[in-house]
Amino acid sequence: QVQLVESGGGLVQAGGSLRLSCAASGSISEILGMGWYRQAPGKQRELVAFISSGTTTDYSDFVKGRFTISTDNAKSTVDLQMNSLKPEDTAVYYCKIDVRSRGTRYHYWGQGTQVTVSS
């Protein structure tokens with residue numbers, strides 16, 4: 001089992017910044033990727049940013065140039081620096097980790113952290 005603990009959400013004015021952090025613990029054998037998704041009320045969960053194999057980074061178009069993801073596989077952490085926040089960025093942000101153990105791939109989700117951007 002793998003546990004994810006997120007921190008750093010909160011309330012910020014439009015144009016402001018927040019930094020989200022996520023730390024994984026537990027039975028972690030091989031990390032395949034770590035990243036962030038978000039879910040706004042009434043909407044489906046969507047990708048924000050994800051790093052695979054420690055090198056390949058994917059950003060959704062709506063955050064390119066504003067958000068930066070970084071990981072430390074040795075520490076099993078992933079951070080999301082969010083700048084120039086907009087009211088439409090308001091959502092619950094979830095950390096996700098993909099791991100491989102004994103040839104089987106698993107993924108785990110954090111509990112979510114609320115980000116609210118006021119106009």
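**View 1. The hairpin formed by strands β4 and β5 in a predicted model**. Six residues lie between β4 and β5 in this hairpin, and G42 in the turn has a positive phi of about 80°. Strands are DSSP runs of E with at least two residues, numbered from the N terminus. β5 covers residues 46-52 and runs antiparallel to β4, with six bridges joining them. Two strands pair if DSSP finds at least two bridges between them. In this pairing, G33 stands opposite S52 of β5.

**View 2. Strand β4 beside strand β9**. β4 and β9 are antiparallel and are joined by nine bridges. M34 has I97 in β9 as its bridge partner.

View 3. K96 is buried, its relative accessible area being 10%. The side chains of K96 and D98 are joined by a polar contact of 2.7 Å. A polar contact is a pair of N or O atoms within 3.5 Å; within protein, one must be able to donate a hydrogen and the other to accept it, and residues adjacent in sequence count only if both atoms are side-chain atoms. Beyond its neighbours within four places in sequence, K96 is in contact (heavy atoms within 4.5 Å) with residues including G33, M34 and G35, as well as H107, Y108 and W109.

**Notes.** Residues are numbered from 1 along each chain as its sequence is written, and side-chain values use heavy atoms, leaving out hydrogens and water. The model is predicted: local features need pLDDT of at least 70, side-chain atom pairs count only at pLDDT 80 or more, and totals for chains, interfaces and linings use all residues.

How values were computed. Buried < 20%, exposed > 50% of the residue type's maximum accessible area, 1.4 Å probe, protein only. Helix = DSSP H or I, 4+ residues; strand = E, 2+ residues; numbered from the N terminus.
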